[in-house]
Structure formats: structure tokens, C-alpha cells
Amino acid sequence: MTNSFFAAAALLLAPALAAPAPAPAPQVTAPASFGPDSQVSASVQPSTTGYRVEVNENGYNSATYHGPYTGTPTTIGAVDGPTTLAASIPTLPPNPTATYYNTKGAPLNPMPAPYTPAGGLGTNGSLPRYMVESDFDFESIALGLYQEWIELDLFHDGLARFTDAEFDAAGLGPEARSLIEFMADQETGHATLLTNMLGERAPKECVYDYPYTTVREWIDFMQRLTRFGESGVWGFINHLDSREVGQLLAQSIATEARQQQIFRQMSGLTPMDVWFENGWPQSWSWTMLAPYVSYCPENTTRLAWQNFPTLHILNNANINRYSPNDTAQDGSETVGPRIADPSVSNVTGSCENLNVTGYGCGPAVAHNKSEPLSFPGKKILFEWDAPGQAVGPNNSYVTATTAGAPKFVGWSQQLNLTYSPLTVTSNNTGYTYQPEGFVYGNDGIINGTMAVMLTDLDLFVTPFNTSMLNPHIVALGLYQAG
């Protein structure tokens, strides 16, 4: 591998932009009680079509258009290979060679060199090759590149779209904006790295359709999007054939984890609320990402992953409420119908500028919630789409499921995939109760921004084989548990 590869993979980050000091955030008097609040509907952006063009707004470059695709797709469905060998991957017994167990606490086998225990992959002195090594690798890294491209555009878009006064009112001064610009610059490096590891058919940057209209909705959307960006990589990274690609990818996704934590802090959420991050199969993250890709350049490389129907969580907690359990029960406090759309920010009873410990949710290093966003036993209301919906770039992918009738709700978080029974109330609607469970000690399984799904079977899966559940998923959603 040439030095130019590493030079390209480590682009210099753009300098932070100077800006005047922010105005102090407004202070509000604590309400006498925390009761039901009003609802605010979403606004819709105008539609247009055309090639991606960037302009400079507020000192930042951003695409001129962010809205839905209005043309006619020329290709439909996920990309296929020459043939498909089976309807699903069979369940097999443990690998018969996976028998190592050390009872001595010291090396059991001859050491190939001083200070070098036997074993490991890629440890025999072979020169590393930082390129994908299989179709699985290519499709996984291509998905990762789709993610890096949208993050690059998304981080810039809010900086260009909103004024300094709007940022200041949301408690995000020039230093916070400079940090977000730095994170956008990080995505330039990540996109370059993944492009180099894919080669000439690496996907290109597309045009995107975003759901937010305020600074807080933008920040909330970014904490959701970086959640599935991060978890989507943790789910496949140790299945890659190329260990070299996995090494570099780990060094980029560790940065993404920091971004997700920062956006949670800017949203007024607890920065860390789990002991272990969760890994997701590629089709889960592609299901969450695709609805926000409006259209792509001609001949852009397509993906092989599945798009599941959307599971709408009608009473997903509004993170902008000082009393999140007052969130409306009909889905109206999410800005739109897409899977990762943020909470409506302009609500009566907002916690944004509330100076009350346990109830405020302005940007901060950490917040504790006196009233949690969710809790064991909470009744969760669902509505789910039928398969066959057009989604993704140029509306050219189609949601699909191979599952039977839904019977369970799967909760994927930390090291666990936990089930609760689904009660179906009518056609494509139902409810469940949030289950209780612990990973270790008092670490509750369900917390943070996490995946939930309807399934036809309570299949036992673990972090290394979660994709075995895919044939049994009816619909997929994103739950704001904490």
C-alpha cells in the first residue's frame, strides 16, 4: 500500500471558524406543575429535482436542495448476485474447532517469536492489504460509505441552514458550532478512507431529504442517525473477511461513537446510559438510512441489503418535554413518518431553557432525568407499514419482509435481544409493555436510542449472530428509551 493511500485517508481537518460570543440562553421560571402539553405539527419542505449543487450559506457549504425525489426510478430493488443459493442461512451447531480453554493462565502452545503468543489472525508477518476481500466486505463497506456521505452533508447542512441567533437561542454558541464543523471534517476523512478500500465502484455523495426545521430537531436527528451509523458497523465489523479493513474501520467508528455522545449532550440527553453499545445487522441500518437519501448520481453503486417496513412508535418519548410521559399517544410529536425522525421541538412545556435540576434539557455535559423517557412496564403503542413501499435513492428500493404474522416485540440493546408479547388491536396496530431486564448488576438492558422490531418468532440470538433474526422481522423501528 502506497504512502498516498495513508495521505488520502488522513486529510487535514479544516480550521474552526471564528464567531462572536453567544448571547446568554433565555431563562424561564419553573412551572408550578408538570402536566399535559400541546402538540405541534411538522412542516413540509418544497420539492424539486436536479443534480447536487453546493452553495455557501452562513459561511458553510451545503447542497442547494434537501427534499424528496419526484422523478421515476429506472431500477427497482436491492442489487442481486448471479444466483441465490437458499431462502435463509441455516442454524448450525458451534464450530467444532472452537474448543480452546486455558486452565493454566499461561501460554499452552509454542510461541512463534519472543513476546508473541500463538494464534491471532493477520499475525504471520504478511504485508497488509487494505482492500475489501469478498462480496460481504464490499457491500458492508459500501453501506458504511453511504452513511459517511450523509453525515458529511448533514453536519454541514444545519450549520448553513440556521442563523447564529437560532444557534444561540438553542444554547449552542460558536465553540459548539466549531465542534460540529470539525465533526463534518472528520467525515471527509472517513469517506476518503472507505472509498480507497472499495475502489472504483465506491458509492458517491447523493442528495438528501431531511426532516428537521429547528436547531434542536437537527441535533436530535443527528444523535439518532449516528446511533444507527455506529451500531450498524459494530454489527458487521468482526464478520469482515479483510482484517485489515476491519482495523481501519474500527479506528473511524470509534470517532463516530464520540460524535453520537456529543450530539446526545447537545440534545440534553444523558451522554452515556448503557454499559455496552449494541451491534446491528446491515439491513437494520440500511432500513433506517435509506428514507433520507433522496436521489444519487447516475450509475451510483447499489446495495444488496434489505429494507424492512417501518415500525412507528406512536408514543415515542418527546425528548424536548420536561414531562416526557405527557407525550401525545398518536405519533404527532414526531416531525414526520420516517423511521428516525426527531421529536417535535416547539412544544408547550419545553425543557430546553428550563433551569430546574432533573427537568431541564439544554445542552450540557450531563443531565439526570427526574422523569425518565421510558421505564419498565410502560405501554408502547405501535403502528406498522405494509411491505412494498418505495424508499431510498430515487425511490428505487422496496420494503420487504419474509416473516409471518407479528407475535413479539424484539428489543435490541447492549448484549441482549429481549422479547415481549405483542397484542394486535387492529390491522397493523398493536401494543406491548416495555420489559424489565438487566445485563449485569443493576445495568438495565433497555436504555438510550435503540432498535425495536416486530417478529413472528422469539428466536434466540446473540451479538455475533443477530442477523439470523432478519427473516422473522415484520417491521423495524427506532425507540428513544433514554
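Reply: Arg-177 and Asp-168 are both buried, where buried denotes under 20% relative accessible area, exposed over 50% and partly exposed the range in between, computed with a 1.4 Å probe on protein chains only. Their side chains form a salt bridge with an N to O distance of 3.3 Å; the term requires a side-chain nitrogen of Lys or Arg within 4 Å of a carboxyl oxygen of Asp or Glu.

The model is predicted, so local features need pLDDT of at least 70 and side-chain atom pairs count only at pLDDT 80 or more, while totals for chains, interfaces and linings use all residues. Residues are numbered from 1 along each chain as its sequence is written, and side-chain values use heavy atoms, leaving out hydrogens and water.

Across the whole structure, the search returns 11 salt bridges. One of them joins Asp-273 to Arg-264 at 2.7 Å, N to O, and both of these residues are buried. Another salt bridge pairs Arg-321 with Glu-333 at 2.8 Å, N to O. Both partners lie in the loop between β5 (311-313) and β6 (379-384), so the pair ties together parts that are 12 residues apart in sequence; strands here are DSSP runs of E with at least two residues, helices are runs of H or I with at least four, and both are numbered from the N terminus. Arg-321 counts as buried because its relative accessibility is 0%, and Glu-333 counts as buried at 3%.
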